Amino acid sequence: MSMKGQWKTLFHLFWTFFKIAPVTFGGGFAMIPLIEKEVVEKRKWMKSEEVTDVFALSQSIPGAVAINSATFIGHRIAGMKGAMAAMIGVSLPTFLIVLVLGILYFFIQDNPKIESAFISIRASIVAIIAYAAMKIGKTAVVDKSTFCILLVGIPVLFFLHPMIVIVAGAVVGIVTISIKRKLGYDVKMDRKDMRKEENDFEPFMGAGI
């Protein structure tokens, strides 16, 4: 890639995450749908399954999910420079907004209109996070075993720390896949394996018509 093309990619990474950060009230989880739309659907930098893996990895290490995700995606697309561009892009708007709100807070904290607005924003955040969960679920649940892990994992989160659940999920996944392979079962790693399997049956289905 030429120097001009590299700088163009770095700017696009910076600008993409710079646009996303100011409108994602609720933190990194609320940012997931917008990141997927920009990175997968609009820019076509990564596949949906790859972005889901990035989110999973971002939650399993220390730090904010939004910054971790942006850094991983930036590094995947343009190496270390891309990671820096994406990280600065996603962090800068929040820094500026918090700085301004910190200055204005004492003037607006008792304003009834501001309090009403934040009540509605909190309700909207729940809807955004639920939507993000459904989007990730479509790529994460690839067979009966992953569906069972999902069903068990949700109630377990009410009693155990998320880090313990993530580690337990990883161990269960390794054991489950190892057992399946020893028994001779086909192991589906993502949704494209399921689509391929469905396409393989299309000629036979057509022949029977």
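## Close-up views of a predicted model

**View 1. W7 is exposed, because its relative accessibility is 56%.** Exposed means over 50% relative accessible area, buried under 20%, and partly exposed in between (1.4 Å probe, protein chains only). W7 sits in helix α1. Helices here are DSSP runs of H or I with at least four residues, strands are runs of E with at least two, and both are numbered from the N terminus. Between the C-alpha atoms of W7 and K81 the distance is 9.5 Å, although 74 residues separate the two along the chain. The model is predicted, so local features need pLDDT of at least 70 and side-chain atom pairs count only at pLDDT 80 or more, while totals for chains, interfaces and linings use all residues. Residues are numbered from 1 along each chain as its sequence is written, and side-chain values use heavy atoms, with hydrogens and water left out.

**View 2. The whole protein chain has eight helices and zero strands.** Along the sequence the pattern reads α-α-α-α-α-α-α-α. Of its 209 residues, 24% count as buried.

**View 3. Helix α1 crosses helix α4.** α1 covers residues 3-20 and α4 covers residues 65-108. Their axes come within 7 Å and cross at roughly 40 degrees. That angle makes α1 oblique to α4. Oblique is what remains once angles under 35 degrees count as roughly parallel, over 145 as roughly antiparallel and 65 to 115 as roughly perpendicular. Axes are lines fitted to C-alpha atoms, for helices over the stretch in contact, with angles from 0 to 180 degrees between N-to-C directions. The crossing of α1 over α4 is right-handed, that is, the near helix is turned clockwise from the far one by less than a right angle. In the contact of α1 with α4, 15 residues are nonpolar, five are polar and one is charged. Nonpolar covers Ala, Val, Leu, Ile, Met, Phe, Trp, Tyr, Cys and Pro; charged covers Asp, Glu, Lys and Arg; the others, Gly among them, are polar.

**View 4. G74 lies in helix α4.** Is G74 buried or exposed? G74 counts as buried, because its relative accessibility is 0%. L13 is 61 residues away along the chain, yet the C-alpha atoms of G74 and L13 are separated by 6.7 Å.

**View 5. The largest nonpolar core has 21 residues.** Such a core is a set of buried Ala, Val, Leu, Ile, Met, Phe, Trp, Tyr and Cys residues joined through side-chain atoms within 4.5 Å. F17, I35, V39, I73 and V90 have the most contacts inside this core. Two or more residues come from each of α1, α2 (28-42), α3 (48-59) and α4. α4 gives the most, with six residues.

**View 6. Helix α3 packs against helix α4.** Their axes lie 9 Å apart, at an angle of about 135 degrees. α3 and α4 are therefore oblique to each other. α3 passes α4 in a right-handed crossing. The buried residues of α3 are S48, E49, V51, T52, V54, F55 and S58.

**View 7. K44 is in the loop between α2 and α3.** K44 is not a glycine, yet its phi is positive, about 60 degrees. With a relative accessible area of 63%, K44 is exposed.

**View 8. Helix α7 runs over residues 162-182.** At 1.5 Å a residue, its 21 residues should span 30 Å, and its end C-alpha atoms are 30 Å apart, which agrees. The expected span is 1.5 Å times one less than the number of residues. Just after α7, G184 takes a positive phi of about 85 degrees.
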